[in-house]
Amino acid sequence: MAALLKASTALALTIQIFFVLLHQIDPADGCDLDSVFRDLIARSWLQPGHRAVCVGPDPGPAVAAVRRVGFRSATGVVFGKSCCGLPYEDGSFDFAFSAGLDRARVPARVVLEMERVLGPGRVGVVFGWSSHGPMGVAAPVASLLRFSEMVGAARAVNGSVVVAFKKKIPSPGPNRETVGVGVGLRNCP
């Protein structure tokens with residue numbers, strides 16, 4: 001509990017509100033997700049033509065939205081009640097998105113896999129709901145990140161929260177940590 005409180009405090013000091021959403025965002029309604037993705041493009045965190053992976057119980061609307069805003073490749077992965085590993089090599093994607101982390105059996109695996117398949121310096125976004133505002137989603141996501149740093153969180157009118165993180169660029173040297181090896185985490189409970 002103390003570690004979570006410490007992480008929450010540190011996050012509160014460093015988090016940036018990177019966009020304001022003045023309309024309702026609903027992952028089932030791709031046009032509102034379009035606005036989120038366009039804002040990330042406007043901030044140069046994403047580029048049209050990038051490769052995206054959308055992970056969740058129903059990634060279809062997010063896949064459609066990233067394709068509409070110009071991604072050359074968008075892949076959806078349904079994780080259902082578990083996420084034992086994404087079937088992609090390390091650093092395969094420029095953008096990772098999940099709108100169903102709260103429904104994952106092991107949310108940490110989803111976040112670790114999103115980090116693993118992101119290329120260095122690339123952005124991931126977790127979309128969730130909390131009655132406690134951005135910190136209600138941002139703090140738990142921040143506590144799961146191992147190879148990325150939080151770059152922003154914003155609350156929408158309907159109580160939804162968008163949290164963005166950016167994968168760190170590894171330092172050269174023999175003692176760098178890595179996320180996963182090859183393709184996906186294979187040890188499923």
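**Group meeting talk: a walk through one predicted chain**

Read along the sequence, this chain runs α-α-β-α-β-β-α-β-α-β-β. That gives 5 helices and 6 strands. One caution before we go on: the model is predicted.

Some totals next. The protein chain has 189 residues, and 48% of them count as buried. Its accessible surface comes to about 9100 Å². Carbon and sulfur atoms hold 55% of that surface. Now look at contacts with a separation of 6 or more. Residues 24 or more positions apart account for 67% of them.

How do S1 and S2 pair? They pair in the parallel sense, over 6 bridges. Take Val 53 as an example: its bridge partner in S2 is Thr 75. Between the two strands, the chain passes through H3. This β-α-β crossover is right-handed.

Stay with H3 for a moment. Helix H3 covers residues 60-68. Which residues of H3 are buried? They are Pro 61, Ala 62, Val 63, Ala 65 and Val 66. Here is a rule to keep in mind. An α-helix has 3.6 residues a turn, so residues three or four places apart point the same way.

Step off the end of H3. Just after the helix, Gly 70 takes a positive phi of about 110°. Gly 70 is in the loop that leads from H3 to strand S2, residues 73-78. Is Gly 70 buried, exposed or partly exposed? Its relative accessibility is 33%, so Gly 70 counts as partly exposed. Leave out residues up to four places away in sequence, and Gly 70 touches Pro 48 and Gly 49. Now compare Gly 70 with Gln 47. They are 23 residues apart in sequence, and their C-alpha atoms are 8.2 Å apart in space.

On to His 50. Where does His 50 sit? Look in the loop between helix H2, residues 30-42, and strand S1, residues 51-56. His 50 has a relative accessible area of 11%. The cut-off for buried is under 20%, so His 50 is buried. What does its side chain do? The side chain of His 50 makes a polar contact with the side chain of Arg 122, at 3.5 Å. Set aside neighbours within four places in sequence, and His 50 is in contact with Phe 71, Arg 72, Ser 73, Asp 94 and Arg 122.

How many aromatic pairs does the structure hold? There are 5. I'll show two. In the pair of Phe 37 and Phe 97, the ring centres are 5.4 Å apart and the planes stand at 85°, so this pair is edge-to-face. The pair links distant parts of the chain. Phe 37 is in helix H2, Phe 97 is in strand S3, residues 93-98, and 60 residues separate them. Both Phe 37 and Phe 97 are buried.

The second pair is Phe 71 with Phe 95. This one is tilted: 5.8 Å centre to centre, with 40° between the planes. Phe 71 lies in the loop between H3 and S2, and Phe 95 lies in strand S3, so the pair ties together parts that are 24 residues apart in sequence. Both Phe 71 and Phe 95 are buried too.

Now put the pairs together. Phe 37, Phe 71, Phe 95 and Phe 97 form one aromatic cluster.

Notes
Residues numbered from 1 in each chain as written. Predicted model: local features only at pLDDT ≥ 70, side-chain atom pairs only at ≥ 80, totals over all residues. Heavy atoms only, no water. Helix = DSSP H or I, 4+ residues; strand = E, 2+ residues; numbered from the N terminus. Buried < 20%, exposed > 50% of the residue type's maximum accessible area, 1.4 Å probe, protein only. Polar contact = N/O pair within 3.5 Å; in protein donor to acceptor, adjacent residues only side chain to side chain. Contact = heavy atoms within 4.5 Å. Areas by Shrake-Rupley, 256 points an atom, 1.4 Å probe, with all protein chains shown as cover. Phe/Tyr/Trp six-rings, centres within 6.5 Å; stacked < 30°, edge-to-face > 60°. Pairing = 2+ DSSP bridges. Right-handed = clockwise from strand over helix to strand, strands pointing away.
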